[in-house]
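Trainee: I have a new structure open and would like to go through it with you. Could we begin with a term I keep meeting?

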Amino acid sequence: MKLSLKRPYYGWIIVALGIVIMAASVGIVNNCMSLYIVPICEEMGYSRKAVSMLNTLISVGNMAVAAVSAELYHRFSIRRIMQVSAVLISIGYFAFSLATKLWHFYAICIVVACALWLLAYIPFAVILSNWFHKRTGFVIGLTYMGTGVGGMIFSPIIGSLIANSGWRQAMVTMAIVMAAVHIPCTFFLRDKPEDMGLLPYGYDEEPEELQHRDTLPGVPFAAGKHSARFILMAIGFSVLCFANAGFCTNLPAHMSDRGYSIEAASRVMSATMASLAIGKISLGWIYDKFGSRFATALSGMMLAACPIAGIFLPGVVPIICIVVCFSLGMALASVGVPIVAKAAFGIRDFDRYNGAFNAISGVISALAPILGGFIYDAAGSYDPAFAVYAAATLIFTAVLIGCLRSNKAAAGEKQAI
């Protein structure tokens, strides 16, 4: 079959579908789950720590899926896996509304979490890298922007539903929304451009030696996974994802403790999601334009600023700081990982590197809500946890930057870039 670069390019349809799927999956499940913590605790009598475990289980789902994703994608069509996940996530989210015991929530959350990550972040990192050999950072940022758009749209909706109809009705409504969005969208996806007789975007601008997909450039995963660079990058991203998850999970409850209503907290969350939507596309562009070191440093500093500002709540200035810094700061955990993985180790075994980074960081991220809950129970405040998140972010941003070669050094290693 003769391959071509038709215009308009179908890859941009893939990006549009990705934005919609991200908005209605990660935007609802991951970015809005923290809104349920206080209402569930008040109705069911559970502790904050117990309910915060739902966010931990979402991270565990990420870890489990990431660990096996590369092998799954080598055995089965990514699109087929996403179609099954679209059905499971909707059924699972609906099942939350029927839960009457704590273990019900945990069991359902495991199913929802695995379906979420098989539907969103992990497959799209691979699909977009297949479709785009040029402007990869921009398209990943643009697609992942959907999570912020979803959080921005659904945070006030869920907050209003919880306040007026209860958290169970909110779960039912969102389950219907997810089914209506995800199931149709997955039928229009394609794993790679060759499935439609197309070439990757940017293929015609690549050197001749890079235009053979059976000899793609990069460091083999079997060799790269034992390198000091891989180990340190995995630790660095894990700690940054840990801080990200801890702050996002505990912010609504922290605001409630500082006197904000659930509606006010949901509006702030909506504002942060709008900021995140802008931040993701901006961070992707910054990675393409200025390189991995600069983009990672900037994003890491803004990530650290979020929990620092949270300590000074209530007040207008801390809220503004959180909303502004949320943009590039929280985008690092999603946009930065696949971009840096591809830049550091190449496209040859990108799915394995990306899966490994997500799996390892998922282990550490899963501990963040637990730590926040323990510290809250011991100190009666999230302030000490926020201080830990900020300090860890600054330290390990520096570690991660130290692992990244300068553009000049990297230019001499084309096989890894």
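Mentor: Let us begin with burial: a residue is called buried when its relative accessible area is under 20%, exposed when it is over 50%, and partly exposed in between, using a 1.4 Å probe and protein chains only. Please also keep in mind that this is a predicted model, in which local features need pLDDT of at least 70 and side-chain atom pairs count only at pLDDT 80 or more, while totals for chains, interfaces and linings use all residues. Residues are numbered from 1 along each chain as its sequence is written, and side-chain values use heavy atoms, with hydrogens and water left out.

Trainee: Okay, so is Asp 195 buried or exposed, or in between?

Mentor: Asp 195 counts as partly exposed because its relative accessibility is 40%. Asp 195 forms a salt bridge with Lys 192, with 3.4 Å between the closest N and O atoms, where a salt bridge means a side-chain nitrogen of Lys or Arg within 4 Å of a carboxyl oxygen of Asp or Glu. Lys 192 is partly exposed too, at 33% relative accessibility.

Trainee: How many salt bridges are there in the whole structure?

Mentor: A search of the whole structure finds three. One of them joins the side chains of Glu 43 and Arg 168, at 3.4 Å from N to O. Glu 43 lies in helix α3 (residues 37-44) and Arg 168 in helix α9 (residues 167-186), so this pair ties together parts that are 125 residues apart in sequence. Glu 43 is partly exposed at 46% relative accessibility, and Arg 168 is partly exposed at 23%.

Trainee: And what does Arg 258 meet in a salt bridge?

Mentor: The side chain of Arg 258 meets that of Asp 383, at 2.6 Å from N to O. This pair links distant parts of the chain, 125 residues apart, with Arg 258 in the loop between α11 (228-257) and α12 (262-290), and Asp 383 in helix α17 (residues 383-403).

Trainee: Changing topic, how many helices and strands does the chain have?

Mentor: The chain has 18 helices and zero strands; helices here are DSSP runs of H or I with at least four residues, and strands are runs of E with at least two, numbered from the N terminus.

Trainee: What about the chain as a whole, how much of it is buried?

Mentor: Of its 417 residues, 60% count as buried. The C-alpha atoms fill a box of roughly 65 × 45 × 35 Å, taken along the principal axes.

Trainee: Can we look at α8, and what span should it have?

Mentor: Helix α8 covers residues 136-165, and its 30 residues should span 44 Å at 1.5 Å a residue, which agrees with the 42 Å between its end C-alpha atoms. That expected span is 1.5 Å times one less than the number of residues.

Trainee: Where does α8 bend?

Mentor: It bends by about 30 degrees at Phe 154, and a proline, Pro 156, follows within four residues; the bend is the angle between axes fitted to the seven residues ending at a residue and the seven starting there. After α8 comes Gly 166, whose phi is positive, near 100 degrees.
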